[in-house]
Amino acid sequence: MLFTSYPFLVFLPLVAGFYWLMRRWYKGQNLLLFVASYTFYGWWDWRFLFLIFGSSLLDFWLARAMGQSESPQKRRLLLYLSLALNLGVLGYFKYANFFLENLARLLSAWGLPPVLEDGPLSIILPLGISFYTFQTLGYTIDVYRYKLKPSRNFLEYITFVSFFPQLVAGPIERAGNLLPQFLAKRSWQKAHLTEGLRQMLWGFFKKLAIADTLAPQVNYVFAHHEELNGLSLALGALLFTFQMYCDFSGYSDIAIGAARLFGFRLMKNFDFPFYSSSMSEFWRRWHISLSTWIQDYLYNPLAINRRYWGIWGVAFALLVAFTLSGLWHGAAWTFVLWGGLHGMVLAYEALSKKKRKRWSRQLGGTYLWVSRILVFCFWVFTLTIFRAQDLPEAWSVLGGSLSRSWWGGAALPLSTLLLPLALLVFEYFQRHRAHGLDLKGYPYPLRWSLYALLLILIFESDNLNRQTEFIYFQF
Amino acid sequence: MDRQKLLTELTAIFQEVLDEEALDLSENSTAQEVEAWDSLTHVQIVVAIEKQYGIKFSAREIPNFRNLGEMMDALIARL
């Protein structure tokens with residue numbers, strides 16, 4: 001069930017209504033959330049339910065067994081089992097064809113018979129599998145590291161894994177934050193409702209009024225990249241940057257807001273990334289739930305293990321962690337390159353930290369703004385690779401936007417930039433707040449005029465219930 | 001070992017690694033409070049401490065120090 005579809009607009013108030021009617025019985029509330037979450041997820045394809053149920057059962061059981069054992073060998077064995085099974089399932093659904101295609105290419109280069117004579121395997125990628133696999137893996141690793149006691153309550157655990165606001169595209173929650181919330185009684189507060197609805201409105205605005213309006217324009221540019229001029233290609237790449245941000249951060253705002261309606265607090269996933277003055281800062285502000293996951297479970301162990309290589313150990317760990325994070329997004333060389341480039345830039349930043357600090361002291365505000373612009377340009381550049389179907393398409397768009405003529409006007413109306421630029425300015429002034437539409441302290445008429453304006457822009461865009469999926473659903 | 005003296009020595013290491021001459025630390029200082037103390041510099045700080053005192057922290061405890069005091073406890077236990 002899509003957040004932006006009519007069924008969800010009926011489903012959400014219905015579930016929230018019953019949920020608060022049962023406010024004296026929190027276990028009943030959890031049961032309701034479990035049923036609602038499985039209904040929400042099964043709406044796409046009921047067969048996915050078996051996989052998520054199996055994955056939850058497996059990690060619940062393995063973590064329990066880990067908790068009951070004091071033997072380091074047995075605990076490690078159970079951890080490896082969890083890693084192998086979770087990553088095995090993810091690998092099969094997500095990477096089997098990628099692996100086989102590249103193997104076939106390699107074999108044919110050596111003159112050996114191909115492995116995929118009948119074409120790619122017919123595998124449907126279960127929705128949200130990368131997200132909930134990382135969520136359950138994080139739980140098992142935390143139990144292994146003695147950071148968390150294993151859950152003793154299967155209903156709470158299974159609802160934690162499938163909690164519908166964040167199941168399909170995050171935020172990838174940590175068991176340490178979310179699980180205890182299922183075990184505590186929840187009290188009704190009007191503030192939950194108003195805060196939640198406000199953040200959801202901001203998310204709907206970004207997704208429907210901006211991302212879904214830009215989507216056809218961006219699709220046009222990338223589909224016709226061979227014949228368009230440089231200006232159109234550059235504009236397409238720029239618009240995709242805004243589309244991606246509004247789509248994904250919009251999803252996160254709706255997810256966090258919807259969870260708030262049930263009294264839950266999910267972690268922040270975006271923190272106004274476009275005003276970052278370094279890529280390290282950018283990654284502390286973009287898809288925070290994934291970058292902190294990568295940091296805790298991949299980067300830190302690697303960097304600690306290689307710490308005697310000095311600063312080169314840090315650079316190595318960054319490069320590996322970010323290349324793998326690229327691969328997490330999808331089975332394609334474009335994602336690998338995208339992740340690798342970010343790893344390289346972060347490694348450069350780690351190596352040049354002192355020098356950059358000196359420049360910052362000497363140049364002050366000029367340095368800050370030049371850095372912000374460079375960070376933004378680098379993001380547009382790498383995101384074009386991320387968006388392209390394959391590497392030749394990425395080169396065509398990037399190379400074409402530089403080498404082809406900028407004269408003769410753009411294939412897209414420049415007015416498409418208006419709303420994204422207005423958002424960029426508005427969020428600049430909001431950047432120290434919890435989210436874009438956090439309007440605490442603003443006068444009442446201004447707040448309500450803004451809500452009305454956003455609603456008008458949402459309905460004006462006519463994108464509601466058009467079944468346009470969120471970009472991150474494919475990962 | 002004298003904790004105050006140790007705190008002064010560790011502060012000097014932090015100042016050097018983080019390139020913050022005026023940095024003032026207490027046993028309760030955490031990575032959240034000190035802007036330049038992030039996951040990247042944390043590993044560099046750990047290595048600098050290990051080198052200066054000729055000790056080795058375990059891979060499990062390194063990411064789990066909640067504040068400077070906990071780092072000092074782990075260090076004292078090895079001296």
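**Interface and aromatic pairs**

Reader: How many residue pairs are in polar contact across the interface of chain B and chain A?
Author: A polar contact is a pair of N or O atoms within 3.5 Å; within protein, one must be able to donate a hydrogen and the other to accept it, and residues adjacent in sequence count only if both atoms are side-chain atoms. With both residues at pLDDT 80 or more, the number of pairs across this interface is 8.

Reader: What kind of model is this?
Author: Residues are numbered from 1 along each chain as its sequence is written, chains are lettered from A and ligands numbered from 1 in the order in which they are written, and side-chain values use heavy atoms, leaving out hydrogens and water. Local features need pLDDT of at least 70 and side-chain atom pairs count only at pLDDT 80 or more, while totals for chains, interfaces and linings use all residues, since this is a predicted model.

Reader: Which residue of chain A forms a salt bridge with B:Glu50?
Author: A salt bridge is a side-chain nitrogen of Lys or Arg within 4 Å of a carboxyl oxygen of Asp or Glu. The rule finds 4 of them across the interface of chain B and chain A. In one of these, the closest N and O atoms are 2.9 Å apart, and the partner of B:Glu50 is A:Arg307.

Reader: Which element gives the largest share of the side of chain B that touches chain A?
Author: Helices are DSSP runs (H or I, at least four residues), numbered from the N terminus. Two of them give two or more residues to this side: H1 (3-18) and H2 (39-53) of chain B. The largest share is 8 residues, and it comes from H2(B).

Reader: How is the pair of A:Phe40 and A:Phe164 classed?
Author: Rings of Phe, Tyr and Trp (its six-membered ring) pair if their centres lie within 6.5 Å; planes under 30 degrees apart are stacked, over 60 edge-to-face and the rest tilted. Over all chains the count is 63 aromatic pairs. For A:Phe40 and A:Phe164 the centres are 5.4 Å apart and the planes 45 degrees, and the pair is tilted.

Reader: Is A:Leu208 buried or exposed?
Author: A:Leu208 is found in helix H9 (residues 190-223) of chain A. Buried means under 20% relative accessible area, exposed over 50% and partly exposed in between (1.4 Å probe, protein chains only). At 1% relative accessible area, A:Leu208 is therefore buried.
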